[in-house]
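I opened my notebook to record what I looked up in this structure.

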Amino acid sequence: MAGKLKILAISGSLREQSYNTKLLNVLKDMVSGAMDMEIVRLKGIPVYDGDDEDASGVPEIVQDLAARIHAADGVLISTPEYNFSIPGGLKNATDWVSRVKNQPFKDKRVGIVGAAQSPVGTARSQYHLRQNLVGLEALTMNKPELFVSLAQNKFDADGYLTDESSRKIFAVWLEAFEAWVRRG
Ligand SMILES: Cc1cc2nc3c(=O)[nH]c(=O)nc-3n(C[C@H](O)[C@H](O)[C@H](O)COP(=O)(O)O)c2cc1C
């Protein structure tokens, strides 16, 4: 796959000051030459309910998300960790998207990253998300992994990454992710 890659970057957090959204913003700035990254948040997606689906079909907001995933060369997901797992909102979004005809994660190249304020840095939630994406037949990059621990010490209030050693790790991860998507 040649040329500038189109990446859909999904933040698993709805918070305005989310470290996961800040992480995606930093990654987007770092790759502006090689990839166009569109960052989306999952605000406004209703909780999946099979009766609502039977009555009204898949909501427009979910169909729009699915169309963006379809149109992207690759998807990047930054997940927080809630109680050792994926936030409900992110799981709910993937459940809804899986209900779309020709669900868009099938054979899609995906990268997973995450930021947390704990020392564990979303390791547990990333593994749960990976498992979830197996169910959706996504092609998730196995290695390298990117866990941002103690995020409160690494970004300033404006979202600037103040931790230079993290920047180096991000660059290595991004290079691998670009190569992974280009294989598609
Ligand atoms: C309900 C809830 C559960 C949490 N559980 C965990 C956890 O299991 N592991 C962890 O590292 N952080 C946990 N946290 C703290 C999050 O890492 C922290 O709130 C982080 O900033 C969330 O990501 P965000 O900044 O992108 O919103 C939890 C936070 C909430 C609100």
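Helices and strands here are DSSP runs, numbered from the N terminus; a helix has at least four residues and a strand at least two. I also note that the model is predicted.

**Entry: Asp107**

I looked up Asp107 and found it in the loop between α4 (88-97) and β4 (109-115). I then checked its backbone. Phi of Asp107 is near 65 degrees, a positive value in a residue that is not glycine. Most residues other than glycine have a negative phi. Is Asp107 buried or exposed? I counted 10 other C-beta atoms within 10 Å. A residue is exposed if 12 or fewer lie within that distance, so Asp107 is exposed.

**Entry: Glu137**

I went on to Glu137, in the loop between α5 (123-135) and β5. Glu137 is not a glycine, yet its phi is positive, about 60 degrees. Glu137 has 12 C-beta neighbours inside 10 Å and counts as exposed.

**Entry: Pro144**

I checked the peptide bond between Lys143 and Pro144. It is cis, with omega at about -5 degrees. Most peptide bonds are trans. Pro144 is in the loop between β5 (139-140) and β6 (147-148).

**Entry: α1 and α6**

I turned to two helices, α1 (residues 19-30) and α6 (residues 164-182). Their axes come within 11 Å and cross at roughly 70 degrees. Angles from 65 to 115 degrees count as roughly perpendicular, and therefore α1 and α6 are roughly perpendicular to each other. The crossing of α1 past α6 is right-handed. Which residues make the contact? From α1 I listed Val26, Leu27 and Met30, and from α6 Phe170, Ala171 and Leu174. I sorted the residues of this contact by class: six are nonpolar, none is polar and none is charged.

**Entry: Arg182**

I stayed with helix α6 and looked up Arg182, which is located there. Arg182 has 15 C-beta neighbours inside 10 Å and counts as partly exposed. I then compared Arg182 with Asp73. They are 109 residues apart in sequence. In space, their C-alpha atoms are 8.2 Å apart.

**Entry: the ligand**

Last, I looked around the ligand. How many residues are around it? I found 15, and Ser13, Ser18, Pro80, Ala116 and Ser118 come nearest. By class, this shell has seven nonpolar, six polar and two charged residues.

Note on methods. Residues numbered from 1 in each chain as written. Predicted model: local features only at pLDDT ≥ 70, side-chain atom pairs only at ≥ 80, totals over all residues. Axes fitted to C-alpha atoms, helices over the stretch in contact; angles between N-to-C directions. Parallel < 35°, antiparallel > 145°, perpendicular 65-115°, else oblique. Left-handed = near helix turned anticlockwise from the far one by under 90°. Contact = placed C-beta atoms within 7 Å. Nonpolar A, V, L, I, M, F, W, Y, C, P; charged D, E, K, R; others polar. Buried ≥ 20, exposed ≤ 12 C-beta atoms within 10 Å, placed from the backbone. Near = placed C-beta within 6 Å.
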